Amino acid sequence: QVQLVESGGGLVQAGGSLRLSCAASGRTFSRYAMGWFRQAPEKEREFVAGISASGASRNYADSVRGRFTISRDNAKSTVYLQMNSLKPEDTALYYCAQYSGNYYSGRIDYWGQGTQVTVSS
């Protein structure tokens, strides 16, 4: 049984930083791409960032590129999202996701439970 457990969310002022973590268990972490998604109230869930299984390839939503950085530590089975220069519009429930293959496209097999990020103005 795969489990994804997010942590690191919280309340921060605009311009501040947070680092989200997602610890995975249940299957060989280094074989699968990972992603971060977010959902704001009354909005659709949206892609934030993705990283390939090896970590060599990454992609970002235009709204966060240059401010957020996704990374992974395969030895710790953990993926991170460093969020800098946070804006009130970044407020959302952030979800970790594990893809079915080694690249961040196609089907997502598993989701975490989410961690709340709130940015005050």
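With which residue does Arg107 form a salt bridge? The partner is Asp109, and the closest N and O atoms of the two are 2.8 Å apart. A salt bridge here is a side-chain nitrogen of Lys or Arg within 4 Å of a carboxyl oxygen of Asp or Glu. Arg107 is exposed, at 55% relative accessibility, whereas Asp109 is partly exposed, at 23%. Buried denotes under 20% relative accessible area, exposed over 50%, and partly exposed the range in between (1.4 Å probe, protein chains only).

The model is predicted: local features need pLDDT of at least 70, side-chain atom pairs count only at pLDDT 80 or more, and totals for chains, interfaces and linings use all residues. Residues are numbered from 1 along each chain as its sequence is written, and side-chain values use heavy atoms, with hydrogens and water left out.

The structure holds six salt bridges. One of them joins the side chains of Arg67 and Asp90, at 2.7 Å from N to O. Arg67 lies in the loop between strand S6 (58-60) and strand S7 (68-73), and Asp90 in the loop between S8 and S9, so the pair ties together parts that are 23 residues apart in sequence. Strands (E, at least two residues) are DSSP runs, numbered from the N terminus. Both Arg67 and Asp90 are buried.

The loop between strand S8 (78-83) and strand S9 (92-99) also contains Lys87, which is partly exposed at 35% relative accessibility. Beyond its neighbours within four places in sequence, Lys87 is in contact (heavy atoms within 4.5 Å) with Arg67 and Val119.

Methods
Helix = DSSP H or I, 4+ residues; strand = E, 2+ residues; numbered from the N terminus.
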